Amino acid sequence: MVQTNYCDWEKMKIRKASLVFAIGISLIVPASVLATSAVAATTTLTIESWRGDDSVYWKKTLIPMYEKANPGVKIVWAPSTSNEYDSALSLRFKGKTAGDVIMCRPYGTTKTFIKNKNLIPLTGLPGLTNFTTQSMQSWSDASGVPYCVPSASVGAGFYYNKDIFKKLNLTPPKTQAEFIAVLEAIKKDGKYTPLAAAGTSADSWALDQMGLELVGPYYWKGDAGGVALDNGTRKATDPEYLAAFSALASWKPYLPKTFSTMGYTDAEQLFILGRAAILVEGSWSVKEIAPPGKNVGIFGAPVAKAGDKPYVQVLADHGFGVNSASPNQAAAKKLLTWFTTKEFAQAYATGLPGFFPLSKDKITIDNPMAQAWLNLRDGAIVTAPIGMDKMNTGTPNFFSVMTNILNVMMTTKKTPAEAAADFQKSLSSWYPPQAKNK
Amino acid sequence: MKVQNQSKNLLVHFVMIFFVLLAIGPILVIVINSFKTTDAIFSGPLKLPDSATFTLDGFKRAILNGNFIGNYINSTVITVGSTILTVVCSCLAAYGITEFTTKLATVIAGLFTIGIMLPVTLGTVVILKMMVRFHLLNTHLSLILVYVGISVPLGVILMVTNFKTVSNDLKEAARIDGANEFRTFLIVLPLVKPGIAAVAAITMLPIWNDLWFPLILTTGPKTQTLTLGIQQFVGVHTNDWQALIASLVLGAIPLILLFTLFSKQFIKGLSDGYGK
Amino acid sequence: MSKRHRKLLLFTTPALAFFLAFAVFPLIGTIYISFYRETKFVGLANFKFLFTDETLSSRFLSAFLHNCEFFIIAAAVQLPLALLMAALLTSGRVRRMTGFYRTILFIPSTLSVVIVGFIWRLIISPLWGIVDYPLLGEKATALPTITLMSVWQYLGIPLVFLYSALLAIPSNIIEAARVDGASDFRIFFRIKMPLIAPQIGIITILTFIWTFNGFDIIFALNGGMPGPDFSTDVLGTLFYRTFFGWGADQGDQNLGAATATVIFLIILLGTAGYFATIQRRLKVSQL
């Protein structure tokens with residue numbers, strides 16, 4: 001009978017299909033369960049971080065260094081993208097899926113995690129005495145209890161192409177007038193872009209950290225200027241801050257015409273390719289911008305009056321803390337103690353030039369460009385960026401508001417006075433100590 | 001008359017070719033550049049690689065970078081798993097709706113019709129809470145469950161139009177032979193193969209390329225999908241243009257191949273179900 | 001009757017279970033928690049904050065306007081182009097090349113937004129590409145540019161849909177018209193288009209829903225705080241930023257739920273309004 005044959009053949013096919021399907025399902029479900037259950041014969045510590053860029057060095061050098069000395073401990077380096085780090089970490093804390101060791105952002109965001117008891121206090125941790133109280137400030141609570149071990153600081157400044165400078169007979173500027181003169185000369189020559197910086201809105205953080213916070217401290221007199229804004233005793237439209245906005249705005253004629261679509265990597269690329277003469281950058285970029293063989297120099301933020309002491313920005317960029325929900329707190333604390341040692345500091349500085357360990361130990365910097373960054377501190381007043389602490393603990397906050405305003409100021413016809421006014425208006429609406437300065 | 005027809009035909013061809021170039025041109029430029037050295041990419045973006053500038057380095061580094069293979073596996077597991085489950089559920093439901101025509105069936109069909117247009121991502125806050133509560137965060141399962149839930153409405157409706165084409169005679173004959181409902185279903189299944197292909201294709205596409213749910217529900221490299229991985233790779237401040245472009249190309253290939261090879265079946269499944 | 005019901009439910013339960021649990025319940029649940037702050041019931045407080053807070057309310061309004069802009073450009077460009085291509089493909093003038101054209105035209109739709117964003121950003125980059133003007137960096141041109149990228153990417157979908165619809169038109173009607181001496185234009189505008197009008201309507205409303213729910217390409221290009229100066233911020237990115245956070249901005253699940261609820265209402269009203277007025281008029285008698 002035709003129908004019987006049809007049924008038989010179909011039956012076989014169907015049985016096969018159902019078998020495949022059943023196998024498939026029975027593989028997928030346990031596979032995904034297995035993949036997420038911890039198969040721990042040894043203690044595994046996971047490190048949360050936003051420094052995906054440093055992954056290679058961590059995986060190839062730093063982690064093996066510790067694992068060799070501490071058999072039975074396995075370390076997993078698990079970075080997230082910088083912009084998503086804080087929100088993803090917050091979610092992981094809530095869902096109890098955060099790693100054991102947490103890389104701490106400077107100031108504001110970490111303070112929130114401290115307040116929510118996501119990190120454990122580190123009082124009494126061996127090795128913590130290796131750091132000054134000042135360097136631990138951005139990771140301590142109101143009573144000074146530390147929650148993160150500081151690891152490295154970074155700076156900001158200007159790279160310049162020595163060959164182009166030589167060709168155009170220029171020397172690195174010390175004052176604002178000299179700086180503008182240098183930029184003018186390069187612009188007149190016409191062959192190179194005078195100044196490269198990040199102009200896209202997605203990279204607007206750069207215009208703050210390596211823009212306003214680079215040239216500004218000289219005008220608002222460093223840390224004092226930050227405290228004044230925090231307390232509400234000064235407002236952003238006061239002359240010293242206005243001068244800072246103006247100093248930044250003075251770059252505008254010398255940035256490329258299509259600045260608004262130039263991202264952070266585009267700016268770097270422009271300088272690397274030799275099409276831009278000066279690049280404003282952070283010290284962490286030594287490996288990319290100034291590998292051996294490149295004829296590159298550094299100069300710091302210009303002063304207004306010749307002979308004045310310059311200010312140099314030093315930002316305690318990151319530290320490491322322990323997740324309060326981690327089941328491996330003892331092992332995590334042991335790792336943190338290693339982070340306080342000279343061995344770690346030296347390895348960090350050597351492999352990640354441009355990051356400067358905050359410990360009291362004397363370490364040797366063998367990378368000449370990293371040394372050049374350190375030399376900027378000679379004869380200068382060291383200051384931290386403003387607005388990152390008390391103004392950064394809510395929504396909106398200093399970071400989101402300032403970065404946007406700076407980006408608008410630099411890419412449109414907005415004047416420094418308008419930018420300062422916009423910032424003050426926004427600040428007074430969500431920051432209580434400034435509410436009276438509407 | 002014939003000459004006029006010829007020129008009209010040519011005109012249409014020209015227009016189509018223009019659109020085709022617009023569609024494929026940008027993609028070809030990227031593919032070409034994925035085989036070149038960094039200098040060659042910047043100095044002559046539109047030039048084909050010659051023996052001096054040809055290199056597979058970008059691909060090598062893209063694959064070895066971090067989690068590429070892991071991401072690929074994750075994407076495959078999630079996409080294939082979701083697609084299989086969606087197809088199965090859709091076929092079952094569609095058979096039921098077309099076979100047991102009652103008012104309830106109409107209501108259920110209406111529910112799924114509305115479901116096609118539901119902006120599911122707006123429910124993410126609760127989906128997130130659910131996954132946290134059941135410890136499913138950072139698992140393949142969490143994504144599979146969500147994707148199946150989103151994809152069944154369209155799957156069901158597509159299969160309903162396909163099942164409607166099956167003649168009752170075949171089903172009656174099977175029943176007379178003593179088959180129960182499920183067996184009848186299995187017998188009818190091969191007849192709606194084009195529909196199954198269409199549902200599989202339509203389900204797979206948005207899942208493989210999805211950015212939203214992996215962004216929210218996967219919190220680490222363990223379950224990171226290929227699309228998310230590439231987005232993060234692009235987002236990191238990297239100067240490795242070769243690896244970047246190579247990873248984009250590698251990420252695009254699976255679906256391009258799938259849809260090019262099976263485009264006939266896909267269209268057939270859509271129009272078969274459609275026209276009736 | 002009950003036996004039929006039971007069998008029906010047996011077959012439809014798997015699909016229904018997934019759908020109700022992971023698509024319907026979350027939406028209802030979102031509306032529910034938008035009336036709470038953590039575990040405390042606060043009524044409309046979240047909504048009040050959404051509409052009265054200086055920063056948030058202005059962002060919401062501009063995001064909404066950006067979605068409208070996105071939708072109008074998408075509908076005005078994508079739909080006619082898809083219709084044109086579908087019409088040309090079914091005009092009978094391309095014969096053997098039909099499959100080839102159709103396949104190639106669909107390929108952009110198989111790409112992820114990451115790839116699409118990267119390719120086009122490179123092409124229109126004043127630094128590395130062929131365009132001189134900073135389209136993505138200027139407030140006035142950023143959103144339209146991204147919209148056109150999205151149109152380029154998703155053109156294949158309405159194309160395939162309308163193509164199938166046009167193919168489904170019984171050929172005897174077309175033949176009859178040809179015999180009567182009607183030109184190609186006449187045949188298309190007088191006969192074909194009215195017959196697929198309901199499908200055009202469906203594509204339009206689906207475009208509305210997709211553009212108001214849009215997120216992917218803007219996020220891939222500009223992140224969670226899409227500039228320049230929030231000019232590419234849409235309801236989707238606002239929602240993401242509100243409930244998940246971005247940069248130093250903290251996420252707030254209840255506020256995010258309230259935002260989602262309002263967005264849902266907007267889409268609901270738009271869709272309902274559309275069905276109540278236009279779609280009904282487009283229902284031409286089926287042949």
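1. At a relative accessibility of 12%, A:S359 counts as buried (buried means under 20% relative accessible area, exposed over 50% and partly exposed in between, with a 1.4 Å probe and protein chains only). The residue sits in the loop between β9 (356-357) and α16 (368-375) of chain A; helices here are DSSP runs of H or I with at least four residues, strands are runs of E with at least two, and both are numbered from the N terminus. Leaving aside residues up to four places away in sequence, A:S359 touches A:N130, A:F131 and A:A345, where contact means heavy atoms within 4.5 Å.

2. The model is predicted, so local features need pLDDT of at least 70 and side-chain atom pairs count only at pLDDT 80 or more, whereas totals for chains, interfaces and linings use all residues. Residues are numbered from 1 along each chain as its sequence is written, chains are lettered from A and ligands numbered from 1 in the order in which they are written, and side-chain values use heavy atoms, with hydrogens and water left out.

3. Chain C as a whole. The secondary structure of chain C consists of 12 helices and four strands. Its C-alpha trace spans about 70 × 70 × 30 Å along the principal axes. Of the 287 residues in chain C, 58% are buried. Among contacts in chain C with a separation of 6 or more, 67% are between residues 24 or more positions apart. The accessible surface of chain C is about 12400 Å², and carbon and sulfur atoms account for 67% of that surface; the areas come from the Shrake-Rupley method with a 1.4 Å probe, and for residues only the protein chains shown count as cover.

4. Chains B and C: extent. The size of an interface is often given as the accessible area lost when the parts come together. Between chain B and chain C, about 7700 Å² is buried, with 81% contributed by carbon and sulfur atoms; buried area is the accessible area (1.4 Å probe) that two parts lose on being put together, summed over both. The contact involves 88 residues of chain B and 85 residues of chain C.

5. One salt bridge is counted between chain B and chain C, a salt bridge being a side-chain nitrogen of Lys or Arg within 4 Å of a carboxyl oxygen of Asp or Glu. The side chains of B:E181 and C:K7 form a salt bridge, at 3.7 Å from N to O. Across this interface of chain B and chain C, 11 residue pairs are in polar contact, both residues at pLDDT 80 or more. A polar contact is a pair of N or O atoms within 3.5 Å; within protein, one must be able to donate a hydrogen and the other to accept it, and residues adjacent in sequence count only if both atoms are side-chain atoms. On the side of chain B that touches chain C, helix α1 (residues 2-33) gives the most, with 16 residues. That side of chain B divides into 63 nonpolar, 19 polar and six charged residues. In this classification Ala, Val, Leu, Ile, Met, Phe, Trp, Tyr, Cys and Pro are nonpolar, Asp, Glu, Lys and Arg are charged, and the others, Gly among them, are polar.

6. Chains A and C. Here 26 residues of chain C are in contact with 31 residues of chain A, and about 2400 Å² is buried between the two chains, 56% of it on carbon and sulfur atoms. Within chain C, the residues that lose the most area to chain A are C:L127, C:W128 and C:Q250, together 25% of what that side buries. The count of salt bridges between chain C and chain A is zero, while nine residue pairs are in polar contact across the interface, both at pLDDT 80 or more. On the chain C side, α3 (54-90), α10 (216-222), α11 (235-244), β3 (245-246) and β4 (249-250) each supply at least two residues. By class, the chain C side has 14 nonpolar, seven polar and five charged residues.

7. Cis peptide bonds. In chain A, a cis peptide bond joins A:T395 and A:P396, with omega about -5°. A:P396 belongs to the loop between β10 (381-383) and α17 (398-411) of chain A. In chain C, the bond from C:G227 to C:P228 is cis, with omega near 0°, and C:P228 lies in the loop between α10 and α11 of chain C.

8. Positive phi values. C:D229 is also in the loop between α10 and α11 of chain C. Its phi is near 55°, a positive value in a residue other than glycine, and C:D229 is partly exposed, at 23% relative accessible area. A:K221 is located in the loop between α9 (217-220) and α10 (223-231) of chain A and is partly exposed, with a relative accessible area of 48%.
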